[in-house]
Amino acid sequence: MTARVETAQGDTGRYAPGPAGKPRLFGHFPRTWPFHYGCLPGVVSTGDESVLPGPEGEVIDWIDAVICGGEFQAGQRAECRLVGIALRADGDHKLLSVAVDAAELSTVRTPDDLPRSICGTVADWFAQQGIGYEFAGPDRAWAILEESI
């Protein structure tokens, strides 16, 4: 799948597509992101209360994706392999993926396969938001995607 990176790992800004496709800052987080974070353009989220401003100011609500591994900047496209989903109690589910060019993650196929250092970081990030969640595998993730298309 192809995701668009909204926030690069280690950044605090969140970027949306701007005019001529250049990313524009639309928000800051109080802490740095421990992984790349983005969305699947064109796939509407079924439960997200937050929205993304589009290049012409329109409201876009695309499904969010955690992207593990790889080197990306905000605004870039990331070729990813879907490995699961964080099912949040509020319905704002997050896809879990790994960059296809991340050699260290080449054997990852499910959330259980993610190295503890990554999976723990993803779990901690969601836990700090105070919203209940559970991880599910790629079959459940694809089912959610099919509902959203």
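Two helices and 10 strands make up the secondary structure of this chain, where helices (H or I, at least four residues) and strands (E, at least two) are DSSP runs numbered from the N terminus. The model is a predicted one, so local features need pLDDT of at least 70, side-chain atom pairs count only at pLDDT 80 or more, and totals for chains, interfaces and linings use all residues. Residues are numbered from 1 along each chain as its sequence is written, and side-chain values use heavy atoms, with hydrogens and water left out.

Let's walk along the chain. The order of elements is β-β-β-β-β-β-β-β-β-α-β-α. Among contacts (heavy atoms within 4.5 Å) with a separation of 6 or more, 65% join residues 24 or more positions apart. Of the 149 residues, 48% are buried, meaning under 20% relative accessible area, with exposed being over 50% and partly exposed in between (1.4 Å probe, protein chains only). The accessible surface is about 7300 Å², and carbon and sulfur atoms hold 51% of it; such areas come from the Shrake-Rupley method with a 1.4 Å probe.

Now to the interior. A nonpolar core here is a set of buried Ala, Val, Leu, Ile, Met, Phe, Trp, Tyr and Cys residues joined through side-chain atoms within 4.5 Å. The largest one has 36 residues, and L40, V66 and L95 touch the most other members.

| Element | Residues |
|---|---|
| α2 | 138–148 |

Strand β8 gives the most to this core, with seven residues. Leaving aside residues up to four places away in sequence, L95 touches a set that includes L40, I63, V66, L82 and I85, along with A141 and L145.

S97 is found in strand β9 and is buried, with a relative accessible area of 1%. The S97 side chain reaches the backbone oxygen of V66 at 2.8 Å. Beyond residues up to four places away in sequence, S97 touches M1, V66, I67, C68, C80, R81, L82 and V83.

Key. A polar contact is a pair of N or O atoms within 3.5 Å; within protein, one must be able to donate a hydrogen and the other to accept it, and residues adjacent in sequence count only if both atoms are side-chain atoms.
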